[in-house]
Amino acid sequence: VQLQASGGGLVQAGGSLRLSCVASGSTMSISGMGWYRQPPGKQRELIAHVSRDRKISYADDVKGRFTISRENTNVYLQMTSLRPEDTAVYYCHGVSHWREDFWGQGTQVTVSS
């Protein structure tokens, strides 16, 4: 499985961005999908997840501002009310039915104050 993420960029605080992630290859093996981010100098963290049965969860600091959606094995992240602390490399993630992890290449999101 390959995951291709896109949609990052530079935006002012309060602005919006939409990230996209398209899966290819053995996509029928994919179960859950989500988005992680890694701020500068910090660890990668899970911010949004959608399970195989479409249950959705968010990290507390993005709840109400970010919306994850999924169409088959493509996953999207609509980000609104962006803050400088949202600056990070954002990674698309997928997990197979037998718990194998797949990662996209990362897309940079920079929010200026």
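**Core.** I took a nonpolar core to be a set of buried Ala, Val, Leu, Ile, Met, Phe, Trp, Tyr and Cys residues joined through side-chain atoms within 4.5 Å, where buried means under 20% relative accessible area, exposed over 50% and partly exposed in between, with a 1.4 Å probe and protein chains only. Strands here are DSSP runs of E, at least two residues long, numbered from the N terminus.

**What I am reading.** This is a predicted model, in which local features need pLDDT of at least 70 and side-chain atom pairs count only at pLDDT 80 or more, while totals for chains, interfaces and linings use all residues. Residues are numbered from 1 along each chain as its sequence is written, and side-chain values use heavy atoms, with hydrogens and water left out.

**Rings.** I counted two aromatic pairs, using the rule that rings of Phe, Tyr and Trp (its six-membered ring) pair if their centres lie within 6.5 Å, with planes under 30 degrees apart called stacked, over 60 edge-to-face and the rest tilted. Tyr36 and Trp103 are edge-to-face, at 4.8 Å centre to centre and 65 degrees between the planes; Tyr36 is in strand 4 and Trp103 in strand 10 (residues 101-103), 67 residues apart. Tyr91 and Trp103 are also edge-to-face, with 6.4 Å between centres and 90 degrees between planes. Tyr91 lies in strand 9 and Trp103 in strand 10, so this pair ties together parts that are twelve residues apart in sequence. Through these ring pairs Tyr36, Tyr91 and Trp103 form a cluster. I noted that Tyr91 is buried, at 13% relative accessible area, whereas Trp103 is partly exposed, at 37%.

**A charge over the rings.** I then found the charged end of Arg44 over the ring of Tyr91, 3.6 Å from its centre, the rule being NZ of Lys or CZ of Arg within 6 Å of the ring centre and within 35 degrees of the ring normal. Arg44 also lies over the face of Trp103, at 4.6 Å from the ring centre.

**Strand 11.** Which residues of strand 11 are on its covered face? I listed Thr107, Val109 and Val111 there, with Gln108, Thr110 and Ser112 on the uncovered face. Strand 11 pairs in the parallel sense with strand 2 (residues 9-12) over four bridges, pairing requiring at least two DSSP bridges.
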